[in-house]
Amino acid sequence: QNALDRCIKGGMRKFYFCNYDWSFLKPVATLTLSGNTNVMPLPDDYGGKEGQMTLTQPGTVGIQWWPIEFVGVGQIYQQQACLPTTTGRPWMCCEEPIKGTGPTQSQRRQLRFWPKADQDYVVQFQYYLLPDYLSGAFPFAYGGAQHAETLLESCLAVAETLLDDAATIHAAEFDKLLAVSQDIDRRCKPQTLGYNRDMSDYRDRYWQRDWRSWSPITYHGQSL
């Protein structure tokens, strides 16, 4: 049973963390930063922030979202040292790893904000997910049925390596199905990245841009 569990866990990691940006592993978190605090724990399955972080006041009429600047740890601690009693709507934050692990959990992370919140705020952002291990209570993997065979071949490929010291039919089948799964996943991503407006190619001459005449830019199926 231990060997089977190891093969399944290894197969899941091999599939989820294959150096490809899976669209289904980037959920949106909606968390609450309590008033008179400047630290907020991140979800247990947090694996890194993606894109813009925003903040709003809960229960207000005509909800307005404000962007939060993501900065380094040193900048936050510098602000706290210079203005230790400042409170208000936080407009900058950093990510901090929490020291230590537990008997049933790995290392966790938290966000530190400045200034300290003067009331409760709702923080929303997209993040990279660290999937849980499959169990009898939670038997379904992320990605859905369209990636089920790829995940199965990933587990069998790990079993080949660990139990038979070989990489043969299942390793080859996994590589083939992984390419298919990545192609399927690209259909779920934004098709455009916008336009390139730096005008570097037109620096020495007059140029007037008509946005309707230019094709959008894409990168790995996502928008810039």
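Which side chain makes a polar contact with the side chain of N38? The partner is Q80, at 2.7 Å. This is a predicted model. Its secondary structure comes to four helices and eleven strands. The protein has 224 residues, and 33% of them are buried. Of the contacts between residues at least 6 apart in sequence, 69% join residues at least 24 apart.

**The loop between strand 1 and strand 2**

- N38 sits in the loop that runs from strand 1 (28–33) to strand 2 (39–41).
- N38 is buried because its relative accessibility is 15%, under the 20% cut-off.
- Setting aside residues up to four places away in sequence, N38 touches L33, Q80, L111, R112, F113 and K116.
- N36 is found in the loop between strand 1 and strand 2.
- N36 counts as exposed, because its relative accessible area is 56% and the cut-off is over 50%.
- The phi of N36 is positive, about 65°, although N36 is not a glycine.
- Most residues other than glycine have a negative phi, and most peptide bonds are trans.

- T87 belongs to strand 5 (residues 87–88).
- With a relative accessible area of 46%, T87 is partly exposed.
- T87 and N36 are 51 residues apart along the chain, yet their C-alpha atoms are separated by 7.7 Å.
- Beyond its neighbours within four places in sequence, T87 is in contact with P115, K116 and D118.
- P115 is in the loop between strand 7 (109–114) and strand 8 (116–117).
- The peptide bond joining W114 and P115 is cis, with omega about -5°.

**W66 in strand 4**

- W66 lies in strand 4, which covers residues 66–70.
- Which residues does W66 contact, leaving aside its neighbours within four places in sequence? They are M53, T54, L55, T56, Q57 and R89.
- R89 is 23 residues from W66 in sequence, and their C-alpha atoms are 9.4 Å apart.

**Helix 1**

- Helix 1 spans residues 2–16, 15 residues in total.
- Which residues of helix 1 are buried? They are C7, G10, G11, M12, F15 and Y16.
- The cover over these buried residues includes helix 3 (148–164) and helix 4 (169–186).

**Helix 1 against helix 3**

- Two packed helices are described by the angle between their axes and the distance between the axes.
- The axes of helix 1 and helix 3 come within 7 Å and cross at roughly 125°.
- Helix 1 and helix 3 are therefore oblique to each other.
- Is their crossing left-handed or right-handed? The crossing of helix 1 and helix 3 is right-handed.
- On the helix 1 side, the residues that meet helix 3 are A3, R6, C7, I8, G10, G11, M12, K14 and F15.
- On the helix 3 side, they are T150, L151, S154, C155, A157, V158, A159, L162 and L163.
- Helix 1 residues C7, G10, G11, M12 and F15 are buried and also meet helix 3.

**Helix 3 against helix 4**

- Helix 3 and helix 4 pack at about 150°, with their axes 8 Å apart.
- That angle makes helix 3 roughly antiparallel to helix 4.
- Helix 3 passes helix 4 in a left-handed crossing.
- Helix 3 makes this contact through E149, T150, E153, S154, L156, A157 and E160.
- Helix 4 contributes I169, H170, A171, E173, F174, L177, L178 and S181.
- T150, S154 and A157 of helix 3 meet helix 1 and also take part in the contact with helix 4.
- D165 lies in the loop between helix 3 and helix 4.
- D165 counts as exposed, because its relative accessibility is 70%.
- D165 is not a glycine, and its phi is positive, near 50°.

Definitions and conventions. Residues numbered from 1 in each chain as written. Predicted model: local features only at pLDDT ≥ 70, side-chain atom pairs only at ≥ 80, totals over all residues. Heavy atoms only, no water. Helix = DSSP H or I, 4+ residues; strand = E, 2+ residues; numbered from the N terminus. Buried < 20%, exposed > 50% of the residue type's maximum accessible area, 1.4 Å probe, protein only. Polar contact = N/O pair within 3.5 Å; in protein donor to acceptor, adjacent residues only side chain to side chain. Contact = heavy atoms within 4.5 Å. Expected span 1.5 Å × (residues − 1). Axes fitted to C-alpha atoms, helices over the stretch in contact; angles between N-to-C directions. Parallel < 35°, antiparallel > 145°, perpendicular 65-115°, else oblique. Left-handed = near helix turned anticlockwise from the far one by under 90°.
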